[in-house]
Amino acid sequence: MEYGSIERELHIDASPEVVFEVLSSPEHIREWWSAETTAFEPAAGATARLTWTDQDTGRRQSAPFTVVEADPPRMFSFRWTYDESETEVAGPGNSLLVTFELAPAGTGTTVRFRESGFRERGWEAAVLEAHYNDHRQGWDFYLPRLVATADRLAAAR
């Protein structure tokens with residue numbers, strides 16, 4: 001396996017505007033990604049922090065992220081999982097890039113998801129494989145929740 005990127009294509013029964021809102025709003029991120037998010041504007045260069053809390057142990061895991069591109073309602077991308085002690089900004093080699101491309105599809109939206117940058121991190125093979133598999137399993141859990149959240153929001157409007 002190459003461990004280069006994780007890619008998925010989803011159909012959501014909601015408009016691109018609703019899907020963009022669900023992807024870029026702390027309120028909705030909390031619902032589909034189970035992460036508390038510090039406030040941020042969905043605009044290139046904006047930074048925030050995602051924090052997950054294990055309900056059984058209370059253990060908290062946190063990751064900074066930086067918005068790379070926000071083009072409502074077509075594109076939302078960000079870099080994350082970088083070491084904030086680094087003096088550089090998040091970029092290739094020190095973070096992973098997550099991209100959501102949104103395209104109208106009938107009365108809904110086709111979402112093309114991609115997370116890349118695993119090999120560029122320079123991790124040794126076992127660490128690369130572990131991170132890649134962890135993220136693949138995570139997205140396979142959270143992306144269906146994104147669909148459900150957007151569908152629910154669209155139905156409520």
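**Close-up 1. The lining of the largest cavity has 9 nonpolar residues, no polar ones and no charged ones.** This view, like those that follow, shows a predicted model. The structure holds 1 cavity of 30 Å³ or more. The volume of the largest cavity is about 50 Å³. Its lining is made by Leu23, Ile29, Trp32, Trp33, Leu50, Phe65, Phe76, Phe78 and Phe100. Two elements give two or more residues each to this lining: helix 2 and strand 5 (75–80). Helix 2 gives the most, with 3 residues.

**Close-up 2. Helix 2 packs against helix 3.** Helix 2 spans residues 26–33, and helix 3 spans residues 125–156. Their axes lie 8 Å apart, at an angle of about 130°. The two helices are therefore oblique to each other. From helix 2, the contact takes in His28, Glu31, Trp32 and Trp33. From helix 3 come Trp139, Tyr142, Arg145, Leu146, Thr149, Arg152 and Leu153. By class, the residues of this contact are 6 nonpolar, 2 polar and 3 charged.

**Close-up 3. The largest pocket has a volume of about 650 Å³.** It is lined by 25 residues. Closest to the pocket centre are Trp52, Gln61, Trp80, Asp134 and Tyr142. Strand 3 (47–53), strand 4 (60–71) and helix 3 each supply at least two lining residues. The largest share comes from helix 3, with 9 residues. The pocket lining divides into 9 nonpolar, 10 polar and 6 charged residues.

**Close-up 4. Helix 1 is mostly covered.** This helix runs over residues 16–24. Of its 9 residues, 7 are buried. They are Pro16, Val18, Val19, Phe20, Val22, Leu23 and Ser24.

**Close-up 5. Threonine 110 sits in strand 7.** The strand covers residues 108–116. Is threonine 110 buried or exposed? Its relative accessible area is 14%, and buried means under 20%, so threonine 110 is buried. Which residues does threonine 110 contact, leaving aside neighbours within four places in sequence? They are Glu9, Leu10, His11, Glu101, Leu102, Ala103 and Ala105.

Technical notes:
Residues numbered from 1 in each chain as written. Predicted model: local features only at pLDDT ≥ 70, side-chain atom pairs only at ≥ 80, totals over all residues. Heavy atoms only, no water. Helix = DSSP H or I, 4+ residues; strand = E, 2+ residues; numbered from the N terminus. Buried < 20%, exposed > 50% of the residue type's maximum accessible area, 1.4 Å probe, protein only. Contact = heavy atoms within 4.5 Å. Axes fitted to C-alpha atoms, helices over the stretch in contact; angles between N-to-C directions. Parallel < 35°, antiparallel > 145°, perpendicular 65-115°, else oblique. Nonpolar A, V, L, I, M, F, W, Y, C, P; charged D, E, K, R; others polar. 1 Å grid on protein atoms, 1.4 Å probe; cavity = no way out; pocket = protein on both sides within 12 Å on 5 of 7 lines; lining within 4 Å. Points joined across faces, edges and corners; volume = space filled by probe spheres on them.
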